[in-house]
Amino acid sequence: MRTDAEIPFYFGPAGDLFGMYHAPAPPARRALLMCPPLGQDLIRCHRLYRQLAQALAAQGLAVLRFDYYGTGDSAGGSAEVDWERCVADAGVASNELRARAGIDRVVAFGARLGGSVALAAAERARFAEVIAWDPVLDGGDYVSALDDLQVALRDDTERFTRPRSDADIAEQWLGFDIGDHLRRQLSALHLHAANVPTLVLDSLPAAPASRWERIVSPRGAVASITPPTPWNDLRRLESAILSQPLIQAVSGRLKETA
Amino acid sequence: MREEAHRFGRGCHLVGIAGVPAAATGETGVIVVNAGLVHRIGPFRLHVELTRQLNASGYPTLRFDLSTLGDSAATGGGQTRTQQVCADLDDAMSLLKARAGCERFVLVGLCSGAQNAHIVAATDPRVSGAVFLDGYAYRTIGYKLRHYLPRIVDPGRWARLLLRRGGANGGGKPVSEPVFAVAPAPREEVIADFTGMVARGMKLYLVYSGGISNYFNHARQFRECFGKVMSHPAVTTRYSAESDHTYILTGDRARLLDGIGGWLTQNFPPAAAGRHP
């Protein structure tokens, strides 16, 4: 691995977004923007995102990983995360990638809410394609699941010596401050098909594949990945999510469309 | 103040974020190392919040990924992990010296990060302070009394304990058991390290949480584990029974950060930093 080919930097109009650019050895012919998920999923996926970026850079793609405002190494506090800002940041990042790689055609990839951001930003950011791994389509369900996990966390005697109070866990989701604004935004999230080819990589526990229909048709496909990914498992909250099948699926797709 | 992203190190293999407040030249720098396998932002962004809060108080900071962790690569130099950690921290101190003029450093580490910070703090004269979060600890007699006595008065628990132990001899000389997830250092060695650190003027802040209650369960256990060096004026200890190991609740995290900030301000006042013994 060439360390000089992975460049950490800050970018954006205010220089407040963190990015890691993976430059391919030969001149790039295509580019991939990696939209991260939010909250603890971002931390759990960091290693996998890096592995995927390195695999794709070796395949000849220019890749940009980045953090939205209020997440990761980007400026802003966790309570300042804003859905519209995340979508806008994906657009800023895509233009940064175009400028660095000298390529106009950008494919976007994202896991969970990162996939949702990529879909929501697809037209504005002019993505040529979106590859979404278990994207969140209905924010209401997602909010309910996180609320339930937060309540379970309060009583988790594996983590705490004694149960915590409601006040201790209020206005947070699994380690992160959650503003009322983001909660409302996510509760109202209801994604529709983006006007670009869309590949959904499905590794959610058994459930009807038809759930993806409204975002993949008519210009898209669904591919299953096994084993299921334990996104919402409190016992694995601090375990990295690693998936060789995911890396193979994404790199295979990008080879197909090369 | 704006943060800076750096690729640095002898092999240009390390990645870190430096926070350099205006007019911070010459002050003591704070370096935060990885907690376990979590990349440099720390568990639940703990390291981001910590470094930014310290920047606001005037301290230059660096949060970075050690070799092979986060976004940092391996050097391929055939070094032991200890040699690698020492070399990485040497690179980190050089970077913060170049960016902010720091001559002396405070290291902060949680769990395996505390171990790594300990290794360097014990040997590098540029390290003038260290914050060890859930660092080395050993089950002591006191630990076992506090753990088992309440269970003795509970007949149900007592029955289950006897059943589990199968009548094994518990009357021998109690032995402190190292229970760190990675190979721990012998207790005598750790005590000697702490003693050496304070002898050369270092300030230490040990904060242990309820998240390690399987081997640490009371504020008195600092002294039980490490002896009289824990009573040295240069050593501050804090036991936070209600917190978990990685400070998942924002209130617990805020109290931890305030504690570290207060300890730093008291022991390394920003205006006087860089001139410590």
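Biologist: How much area do chain A and chain B bury between them?

Modeller: The size of an interface is often given as the accessible area lost when the parts come together. Chain A and chain B bury about 3,000 Å² between them, 50% of it on carbon and sulfur atoms. Buried area is the accessible area, with a 1.4 Å probe, that two parts lose on being put together, summed over both. Keep in mind that this is a predicted model: local features need pLDDT of at least 70, side-chain atom pairs count only at pLDDT 80 or more, and totals for chains, interfaces and linings use all residues. Residues are numbered from 1 along each chain as its sequence is written, chains are lettered from A and ligands numbered from 1 in the order in which they are written, and side-chain values use heavy atoms, with hydrogens and water left out.

Biologist: How many residues of chain A are in contact with chain B?

Modeller: Contact means heavy atoms within 4.5 Å. By that rule, 41 residues of chain A are in contact with 43 residues of chain B.

Biologist: How many salt bridges are there between chain A and chain B?

Modeller: A salt bridge is a side-chain nitrogen of Lys or Arg within 4 Å of a carboxyl oxygen of Asp or Glu. Between chain A and chain B there are seven. One pair to look at is R63(B) with D73(A), whose closest N and O atoms are 2.9 Å apart.

Biologist: Which helix of chain A gives the most to the side that touches chain B?

Modeller: Helices (H or I, at least four residues) and strands (E, at least two) are DSSP runs, numbered from the N terminus. Helix 1 of chain A gives the most, with six residues. It spans 40–58. Strand 1, strand 2 and helix 4 (139–154) are among the elements of chain A that each supply at least two residues.

Biologist: What is the strand order of the open sheet in chain A?

Modeller: Strands of a sheet pair through backbone hydrogen bonds, either parallel or antiparallel. Two strands pair if DSSP finds at least two bridges between them. In chain A, eight strands run in the order 1-2-4-3-5-6-9-10, with mixed pairing. Strand 1 (6–11) and strand 10 (220–224) of chain A each have a single partner strand, so one side of each is left without a neighbour in the sheet. Strand 1 and strand 2 (residues 17–22) of chain A are antiparallel, over six bridges. There, F9(A) has G19(A) as its bridge partner.

Biologist: Which strands stand at the edges of the sheet in chain B?

Modeller: Chain B also has an open sheet of eight strands, in the order 1-2-4-3-5-6-7-8. Strand 1 (3–8) and strand 8 (235–240) of chain B stand at its edges. Strand 6 (residues 127–133) and strand 7 (residues 203–209) of chain B pair in the parallel sense over five bridges. A130(B) is the bridge partner of L204(B) in strand 7 of chain B.

Biologist: Where is the cis peptide bond?

Modeller: Most residues other than glycine have a negative phi, and most peptide bonds are trans. Here a cis peptide bond joins T226(A) and P227(A), with omega about 0°. P227(A) lies in the loop between strand 10 and helix 8 (244–256) of chain A.

Biologist: Which residue has a positive phi although it is not a glycine?

Modeller: R126(A), with a phi of about 55°. R126(A) sits in the loop between helix 3 (113–121) and strand 6 of chain A.
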